[in-house]
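Dear colleague,

Please find the structure below, handed over for your own work. My notes on a sheet region and on one helix follow it.

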Protein chains: 2
Amino acid sequence: MAQLRVHNLAVSLDGFATGEDRTFDAPFGHAQDRLMRWYFPTRTFMEMSGHMGEATGDGANGIDDVFAAQTRRGIGAEIMGRGKFGPQVGPWQDHSWQGWWGNEPPFHTPVVVLTHHERPDLVLGETTFLFRDLTPQAALALATDLAGGLDVRLGGGPTVVREFLAADLVDFLHIVVVPIVLGRGVRLWDGLEGLEERFDSETAVSPSGVAHYTLSRRTPVGELHGGPAPRT
Amino acid sequence: MAQLRVHNLAVSLDGFATGEDRTFDAPFGHAQDRLMRWYFPTRTFMEMSGHMGEATGDGANGIDDVFAAQTRRGIGAEIMGRGKFGPQVGPWQDHSWQGWWGNEPPFHTPVVVLTHHERPDLVLGETTFLFRDLTPQAALALATDLAGGLDVRLGGGPTVVREFLAADLVDFLHIVVVPIVLGRGVRLWDGLEGLEERFDSETAVSPSGVAHYTLSRRTPVGELHGGPAPRT
């Protein structure tokens, strides 16, 4: 069965997944790069962002990279919130602006961009952005269809992840707890009381100081043998 | 130098150190025992609570116990909020009620109970409770004096710990992140933005699923050689 997966979602000790005062030049707001410093040195990030071989080196192969690398494994489509495509809000003013991701975005798959303001599909390199006003369920159905049997990545931001978690659509969640106190921003966990009852969690610590949590959705007993629970 | 230390302070993934709806019978409110389940099986807890040798066994010696045991090391006094002594609020109605801790409380030292409603000192076994209306600085001065050269434990609750952290009085902080989402209660981290800049942190994971964080206050450069920084 294809899964819906979240990877590399970093939160502070106080549960903020992004900061306040986000702008075009500061996508994480006052958090700046502090939630993602564990990620930038990884070989996975270096490869995806085209930095291999520059002065930054070839990227680290350690524990952080082991987790980061999973984000590329067997993904056929991504779902993201509009804020991950660009900082604009409200009706699109300018279709010539093509997002933060450049001419060859690192997705290489169809990407469903959730927005109340649809616009024509945008093809950039191997990535096609589809701007759609859909419920989480409908977005997942579309992305699953586009993924052709592979998994779907739920790319964030935190508000979108929270909505999909609340709707119990997420099969796998990789959270990275960074030992900083952000104090303000967008909280990941609001409205998700008792989430742990639906997931099995495991934890690993990296020398970089972050803790990696994997949350895997528990299989309901009736589904253990390959089908839905019999109706009783 | 004597230190002010916090131990075994458990928080949920969303940063709550206790739940909502706390009562006499439910000191952690709707969180019930979920924040402390890692702690109860430890040898340290078994010894402190007098359960050794009962059906629960002798207690576990694993990673969780390694951390828990530190709470007893070299402590000469404790500071706690009134809520850790008992559930009452407002003026004391009944001095005959002597707290949740029984006739032989597990502290065995003077304990400064912070309250706006003072009452006579209370001696129970080897523990003396002093009920005082003090600022964090004055409470620390009193407890340091009572500790006779040993360290002072800051015993919680989270509101008290937050106040002492905001006043930069805490030297060591042991936090236990439990992989649950409480959703409501008392947040530990509010108002502490940027706390990590004052502490060096390390992390370890236990097979029980919790992550132990140690935060040690950084020594200002001028104090590295044994005295205050020279005035310039």
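**Strand pairing in chain B**

V177(B) stands opposite A211(B) in β11(B). This model is predicted. The pair belongs to an antiparallel arrangement in which strand β8 (residues 172-178) of chain B is joined to strand β11 (residues 211-217) of chain B by 6 bridges. Strand β11(B) also pairs with strand β10 (residues 199-205) of chain B, again in the antiparallel sense, over 7 bridges. There, S201(B) is the residue opposite L215(B) of β11(B). The hairpin of β10(B) and β11(B) has 5 residues between its strands, and G209(B) adopts a positive phi near 105° in that hairpin.

**Helix α4 in chain A**

Helix α4 of chain A covers residues 136-147. Its 12 residues should span 16 Å at 1.5 Å a residue, and the end C-alpha atoms are 16 Å apart, so the two values agree. Buried within α4(A) are P136(A), A139(A), L140(A), A143(A) and A147(A). On the face of α4(A) turned away from the buried side are the exposed residues Q137(A), A141(A) and D145(A). Just after the helix α4(A), G148(A) has a positive phi of about 60°.

With kind regards

Conventions
Residues are numbered from 1 along each chain as its sequence is written. Chains are lettered from A and ligands numbered from 1 in the order in which they are written. This is a predicted model: local features need pLDDT of at least 70, side-chain atom pairs count only at pLDDT 80 or more; totals for chains, interfaces and linings use all residues. Helices (H or I, at least four residues) and strands (E, at least two) are DSSP runs, numbered from the N terminus. The expected span of a helix is 1.5 Å times one less than its number of residues. A residue is buried if 20 or more other C-beta atoms lie within 10 Å of its own, exposed if 12 or fewer, and partly exposed in between; C-beta atoms are placed from the backbone. Two strands pair if DSSP finds at least two bridges between them.
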